[in-house]
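Welcome! Have a look at the sequence and the model below, and keep them in view as you read.

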Amino acid sequence: MLRTHTCGELRLEVAGEEVVLTGWVQRLRDKGGMLWIDLRDRYGITQLSFEEGVTSPELFEQARSLGREFVIQA
């Protein structure tokens, strides 16, 4: 499955559900122990957040290595 929702479809009604998004990394902000990624598709932008100690170390390092316009699935 490529995705279950678009970035523009996410609403409070889907809170708690597992969703799959695909898109481009628009912006990555790294503040040491916290990392934010703005994921963009043609329908909108969704912010992904990663916290050191909460997110697995492997996933945190993978997220940190991303760059602008990388295509990802989350």
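**Salt bridges**

The side chains of Glu 61 and Arg 64 come together in a salt bridge, with N and O 3.3 Å apart. Keep in mind that this is a predicted model.

- Glu 61 and Arg 64 are three residues apart in helix α1, so about one helical turn separates them.
- Arg 64 also meets Asp 30 in a salt bridge, at 2.8 Å from N to O.
- This second pair links distant parts of the chain, since Asp 30 belongs to strand β1 (residues 22-30) and Arg 64 to helix α1, 34 residues apart.
- Together, Asp 30, Glu 61 and Arg 64 are linked in a network of salt bridges.

*A buried pair*

- Arg 29 forms a salt bridge with Asp 38, and their closest N and O atoms are 3.1 Å apart.
- Arg 29 has a relative accessible area of 18%, so it counts as buried, the cut-off being under 20%.
- Asp 38 is buried as well, with 14% relative accessibility.
- The count for the model comes to four salt bridges.
- As a general idea to take along, side chains of opposite charge can pair when their charged atoms come close.

**Strands and the annotated domain**

- Strand β2 (residues 34-41) runs antiparallel to strand β3 (residues 44-51), and eight bridges join them.
- How many residues lie between β2 and β3 in their hairpin? There are two residues between them.
- An unreviewed UniProt entry places the feature "domain: OB" at residues 19-73.
- Over residues 19-73, the chain is 51% strand and 15% helix, and the C-alpha atoms at the ends are 10 Å apart.

**The nonpolar core**

- The largest nonpolar core has 11 residues, including Cys 7, Leu 21, Leu 39, Phe 50, Phe 60 and Ile 72.
- β2, β3 and α1 each supply at least two residues of this core.
- Which element gives the most to this core? That is β2, with three residues.
- Leaving out residues up to four places away in sequence, Leu 39 touches several residues, among them Cys 7, Leu 21, Trp 24, Leu 48 and Ile 72.
- In soluble globular proteins, nonpolar side chains tend to be buried together.

**Two loop residues**

- Thr 55 sits in the loop between β3 and α1 (57-64).
- With a relative accessible area of 15%, Thr 55 is buried.
- Beyond its neighbours within four places in sequence, Thr 55 is in contact with Phe 50 and Phe 60, and both Phe 50 and Phe 60 are listed in the largest nonpolar core.
- Glu 69 lies in the loop between α1 and β4 (71-73).
- Glu 69 is partly exposed, with a relative accessible area of 41%.
- The phi angle of Glu 69 is near 70°, a positive value in a residue other than glycine.
- For background, most residues other than glycine have a negative phi.

Key
Residues numbered from 1 in each chain as written. Predicted model: local features only at pLDDT ≥ 70, side-chain atom pairs only at ≥ 80, totals over all residues. Heavy atoms only, no water. Pairing = 2+ DSSP bridges. Helix = DSSP H or I, 4+ residues; strand = E, 2+ residues; numbered from the N terminus. UniProt positions renumbered as here; feature names shortened; annotations may be inferred. Buried < 20%, exposed > 50% of the residue type's maximum accessible area, 1.4 Å probe, protein only. Contact = heavy atoms within 4.5 Å. Core = buried A, V, L, I, M, F, W, Y, C linked by side-chain atoms within 4.5 Å.
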